[in-house]
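Please look over the sequence and the model below.

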Amino acid sequence: MSQGLGQFELLATKRLAPLFTTQFFGALNDNLFRSAMGVIIVYGGLIASEDTNFFVNAAAALFMLPFFLFSATAGRLADKYEKAKLVRMIKVAEIIVAALAGLALFTQSVPMMLTVLFLLGTQSAFFGPLKYSILPQHLHESELVGGNAMVAMGTFVAILLGTLIGTAVGGGRFDSAYGVLFAMILAAAFVGYVASRRIPAAEPTGTVTGTMLNPVKDTLEIIRLAAARKPIFLSILGVSWFWLLGGLYIAQIPNLTKVHLYGDQTVVTLLLGFFTLSIAAGSLLCEWLSGRKIEIGLVPFGALGLSIAGIDVYFAINALDPVATRGAMDFLAADGTPRLLVDIFLLGVFAAFYEVPLYASIQARTPEATRARVIAATNIINSFFMVSGSLCAILWLSVLGLSIPSLLLSLAIGTLLVAGFIFGQVPEFAMRFLIWTLTHTMYRVTHESLDRIPEKGAALLVCNHVSYVDALIIGGSVPRPVRFIMLGRIFDIPVLNFVFRTGRAIPIESPRVNNDVYERAIEEIREGLESGDLLCIFPEGKLTTDGRVDTFKRGVEGILASTPVPTVPLALQGLWGSFFSHKGGTFKNTGRIWSRVKIVAGEALDPEGLSAETLRAHVARLRGDHA
């Protein structure tokens with residue numbers, strides 16, 4: 001099971017660098033124009049002050065509308081034609097839109113600016129399915145989290161730079177500002193096109209037929225396609241909630257700064273920059289925290305952090321004292337600002353923990369033939385959420401007359417409700433969260449040679465049994481889902497039982513204790529291996545009571561005789577004497593709360609004639625003296 005390259009190593013390869021650059025300059029262009037327009041609306045005097053909330057949220061909705069209208073067509077195109085060529089065509093269209101953006105800036109025409117926003121959204125809508133369906137074609141699955149993290153990081157750094165420049169220009173902070181901005185937009189579009197010419201070919205993966213001129217029919221079709229797999233569809237809803245949150249937070253910052261933080265344009269720039277940098281930092285942390293695999297256990301962690309930080313943002317804003325309009329330096333020196341900045345930083349970091357593994361999971365679990373269309377469905381649902389969020393913000397702020405801080409508080413509470421619904425429907429999220437928490441708090445887990453485990457197809461892992469949480473530690477480290485064969489009394493432990501049931505563990509008993517349970521387990525083991533599952537068994541049949549590797553029961557020989565599959569010996573090192581082991585009495589030895597644990601995999605063995613004694617010798621050798 002190849003571990004692939006790390007995220008920074010990927011950025012030096014042709015598999016990622018041209019796509020990264022193309023995406024970076026596309027996002028830069030979008031945000032150069034959007035940020036300049038947002039500040040012009042709020043501070044430029046082109047719109048009456050009482051109408052600014054309406055226009056700010058209407059502009060955000062107008063940018064997202066093309067994702068709803070055209071994503072279905074974009075997804076069908078991406079599955080039907082060679083993707084790199086389509087990217088180059090879209091980048092040519094971006095150059096034309098950049099020229100129109102220059103005209104809108106020179107004339108300061110709000111209707112023309114809104115038209116350009118719509119066109120920018122349109123070219124982004126066609127680019128999105130291509131970008132995210134190219135990644136799984138060019139990257140190994142173990143590289144998907146790192147690749148997505150780099151793209152997310154690049155996107156948010158581009159958002160930051162675009163925001164900084166656009167906000168400065170919108171505030172009219174240097175001579176000939178609009179001319180300089182136009183030149184930058186045009187140059188960025190051209191650089192993006194040049195980079196797109198180096199993207200390696202990504203041949204069509206789908207079997208799309210028929211015309212693509214009926215967006216309503218196509219939209220309904222690909223949403224049904226995405227909804228066919230419940231875990232994927234609920235993951236899409238989770239991603240869409242992230243974009244609703246991000247869109248509303250960024251859209252409110254200019255007016256929030258002016259009305260509630262008493263800041264000028266420099267404070268707007270500071271907050272937008274701080275928020276986007278925190279998301280970029282969180283994106284880069286994802287690969288390290290996930291162990292370079294798709295770890296959806298980070299998603300509940302991110303959702304919880306988003307909610308807590310979001311709730312405290314409300315109280316931090318209300319704790320600020322009213323003052324005259326102030327610049328960035330005065331704002332930084334004010335009482336209460338550090339608390340608000342910490343909250344904003346945590347919002348960005350936890351947002352990345354929530355979104356990056358969720359998007360990588362959608363890519364990895366969607367069949368290749370329909371991946372671009374499912375990603376297009378994601379964009380459609382994203383845009384629906386974002387447009388709905390903008391409309392709700394207009395209702396909240398302009399019709400009901402409620403405050404921006406109260407809107408942000410409602411979003412934080414809504415995150416808890418949305419996350420609770422999704423995790424309740426797909427227990428795997430909560431299961432992985434429990435495993436991830438355990439292996440990142442009570443234990444410091446490392447591993448060696450896990451690439452010896454087959455990437456696909458049936459296989460049997462054989463491991464020594466040291467503690468009640470052996471399955472959790474192995475399951476949290478092996479990139480593939482693992483089904484465990486375990487004693488019924490361990491399977492039934494409260495809390496852990498939820499994890500084991502969700503992971504489709506197989507409880508087993510000695511035929512002398514309960515023959516019915518034994519027979520059911522043997523049949524389920526056979527069916528699992530025949531269907532290509534990765535199973536893990538602890539042949540000692542009980543936890544070690546002295547730290548040594550005990551005799552392996554011969555039941556493992558029967559499993560391999562009836563269903564011969566590659567057999568990989570594993571050894572757990574360092575668990576003996578930890579809280580969940582039998583040393584000193586179970587749950588009594590509290591002297592090693594943060595234990596160093598290592599998982600070592602041996603070479604896959606031919607199951608033909610493989611004996612329990614031989615397997616024990618392999619596992620004992622791998623474990624060595626590190627009980």
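Of the 627 residues of the protein, 58% are buried, meaning under 20% relative accessible area with a 1.4 Å probe and protein chains only, where exposed is over 50% and partly exposed lies in between. The model is predicted: local features need pLDDT of at least 70, side-chain atom pairs count only at pLDDT 80 or more, and totals for chains, interfaces and linings use all residues. Residues are numbered from 1 along each chain as its sequence is written, and side-chain values use heavy atoms, with hydrogens and water left out.

The secondary structure consists of 22 helices and seven strands; helices (H or I, at least four residues) and strands (E, at least two) are DSSP runs numbered from the N terminus. The radius of gyration is 27 Å, close to the 25 Å from the globule rule for 627 residues, so the protein is as compact as a globular protein of that length. That radius is taken over C-alpha atoms, and the rule is 2.2 Å times the number of residues to the power 0.38. The C-alpha trace spans about 85 × 60 × 40 Å along its principal axes.

Strand β2 covers residues 459–463; five of its five residues are buried, so β2 is largely enclosed by the rest of the structure. In a regular strand the side chains alternate between the two faces of the sheet. On one side of β2 lie A459, L461 and C463, on the other L460 and V462, all buried.

Strand β2 pairs in the parallel sense with β5 (residues 534–537) over four bridges, pairing being at least two DSSP bridges between two strands. Here the bridge partner of L461 is C536 in β5. Four bridges also join β2 to β6 (residues 567–573), again parallel, with L460 opposite T567 of β6.
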